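Here is a short tour for a reader meeting this structure for the first time. Have the sequence and the model side by side.

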Amino acid sequence: MKDLRAIILAAGKGTRMKSDIPKVLHKVCGQPIIQYVLDVVKAVGSLTTYVVLGHQIDKVKEYLPSDLVAVEQKKLLGTADAVRSAEKYFKNYRGDVLILCGDTPLLSKSTVRNIIRKHKSSKAACTVLTAVVHDPNGYGRIIRSDSGVAMAIREDKDAVGLERNIAEINVGVYCFQAKELFAGLKEIKLNHKKKEFYLTDIIELFARKNLKVVTVETEDSQEGLGVNTREDLATAETIIRQKVLKDFMLSGVTIVDPQTTYIDRHCQIGQDTTIRPFTVIENNVRVGKRCIIGPFARLRPGARIGNDVEVGNFTEVNRSKLGDQTLMKHFSYLGDAIVGSGVNIGAGVVTANFDGKEKNTTHIGNKAFIGSDSVLVAPVKIGKKAVIGAGSVVTRGKVIPDNKKAFGVPARIIE
Ligand code: UD1
Ligand code: MG
């Protein structure tokens, strides 16, 4: 879009998180908070996007995709100052600016599309995204005139008396005419309580100048959540997790107990797969159709599970592939393993994939049978239809040919 650019504010310290990690890099459902905001901006069109950074700038920069412009806010003097840090990029620009905060992971694409649409159609100088919430504590409140026009945003610290009961809050997402925005920013005064320049003070300024301010409400009130504390982080996690689980259920996956099932956002799970309670599935996992996963299973990034596979209780699969109809039903760890189809992984089988320096691969051929409590010290190769006796240790570098049996500590091939 030529006449719309985005600025994401992410320079803040996140003091209330009490953390050495920059706030926007804290994870929700396996993904940094800021990624949710980036995804939303990306979805509304290809906007030139500026991200204002300050606190631990290098760490956040490292995470950001290279097509974004990182802007440094030298001193953390508040949200108005943060926007001003980007001013130099807007010198001859006459279009609109979409401003978002980096700490609102629940924001939806359609809500952001709505605010852009309303801003364009109303020709307002500023359009503010609001949400009506149960508990407005901590947020800026929308102050309206008797006729309902938004006149100001009162920050939580400054809200007194009846203002404190106002349930309509500022989400921290705005559309501005760039020209009016940067002119207005120059007039914002320091808030003496917080020693910051508040972007939100611009609303009162605009109202006084008779510049048009309109508002748009979020589709869902939860979208307004700004993550400022660890408690907010957990709230965001719960809400996003429920959405992720709902989407999987709608796509034909049975989730026996959503309360105890943890699935990250970027996974694929095939139809008619059942996820039993207390299962954790992390990002970048693929599970095929008609599988049974859990209870108490953990599938870690890079797990590729075929169709009709069972991964049962107290199991972990990490960077490993399991072919169709393979069974791994109890107490087992597979890391860096390439397992064929129709394989039986007995109870207690462990791949010892890490030698203290490197991760090594275990290959297990189709229809092999790995007896209970065996340890496969990678790198090893177990052939097709090979059988490993219970309690064996297949030592490093060993190759068990197709159709052969091996057992013992160390495992020896039976001719
Ligand atoms: C802000 C809004 C508040 C709104 C709430 C919504 C202001 C003054 N207040 O409050 O009205 O209800 O968000 O979640 O804007 N940031 C910078 N530089 C700074 C300070 C902050 O880039 O100097 C960034 C932060 O990294 C964050 C965003 O701006 O992503 C908002 O800052 P935060 O401190 O979280 O503001 P809130 O108190 O939540
Ligand atoms: Mg915030």
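Glu-282 is buried, with a relative accessible area of 17%. This is a predicted model. The side chain of Glu-282 meets that of Arg-298 in a salt bridge, 2.7 Å from N to O. The pair links distant parts of the chain: Glu-282 sits in the loop between β18 (280-281) and β19 (285-287), and Arg-298 in strand β21 (residues 297-299), 16 residues apart. Arg-298 counts as partly exposed, at 32% relative accessibility.

## Other salt bridges

The count of salt bridges comes to 22. One of them joins the side chains of Arg-319 and Asp-336, at 2.8 Å from N to O. Arg-319 lies in the loop between β23 and β24 (321-322), and Asp-336 in the loop between β25 (327-335) and β26 (337-339), so the pair ties together parts 17 residues apart in sequence. Asp-336 is buried, at 13% relative accessible area. Arg-319 is partly exposed, at 35%. Elsewhere, salt bridges that share partners join Asp-3, Asp-96 and Lys-120 into one network.

Asp-158 and Lys-193 also meet through their side chains, at 3.7 Å. Asp-158 is partly exposed, at 21%. Lys-193 is exposed, at 58%.

## The magnesium ion

Which residues are the protein donors of the magnesium ion (ligand 2)? They are Asp-103 (OD) and Asn-228 (OD1), lying 2.2 to 2.3 Å from the ion. Asp-103 is in the loop between β6 (96-101) and α4 (109-122), Asn-228 in the loop between β13 (213-217) and α7 (230-250), 125 residues apart. Asp-103 is buried, at 12% relative accessible area. Asn-228 is buried too, at 15%.

## Ligand 1

Around ligand 1 there are 24 residues; Leu-9, Gly-12, Gln-73, Glu-155 and Asn-170 come nearest. A polar side-chain atom of Asp-103 lies 3.0 Å from an oxygen atom of ligand 1. The protein covers 93% of the 760 Å² of accessible area that ligand 1 has on its own.

## A covered helix and a surface patch

Helix α1 (residues 33-43) is mostly covered, with eight of its 11 residues buried. Among them are Ile-33, Tyr-36 and Val-40. Gly-45 follows α1 and has a positive phi, near 140 degrees.

At the surface, Phe-278, Phe-296, Phe-314 and Phe-331 form a nonpolar patch, with about 420 Å² of accessible area together. Phe-314 belongs to strand β23 (residues 310-318). Phe-314 is partly exposed, at 46%.

Technical notes:
Residues numbered from 1 in each chain as written. Chains lettered and ligands numbered in written order. Predicted model: local features only at pLDDT ≥ 70, side-chain atom pairs only at ≥ 80, totals over all residues. Heavy atoms only, no water. Patch = residues over 30% accessible without salt bridge, like charges linked within 9 Å, V, L, I, M, F, W, Y side chains within 5 Å. Areas by Shrake-Rupley, 256 points an atom, 1.4 Å probe, with all protein chains shown as cover. Salt bridge = Lys/Arg side-chain N within 4 Å of Asp/Glu carboxyl O. Helix = DSSP H or I, 4+ residues; strand = E, 2+ residues; numbered from the N terminus. Buried < 20%, exposed > 50% of the residue type's maximum accessible area, 1.4 Å probe, protein only. Donors = N, O, S within 2.8 Å, 3.2 Å for Na, K, Ca; no water. Near = heavy atom within 4 Å. Polar contact = N/O pair within 3.5 Å; in protein donor to acceptor, adjacent residues only side chain to side chain.
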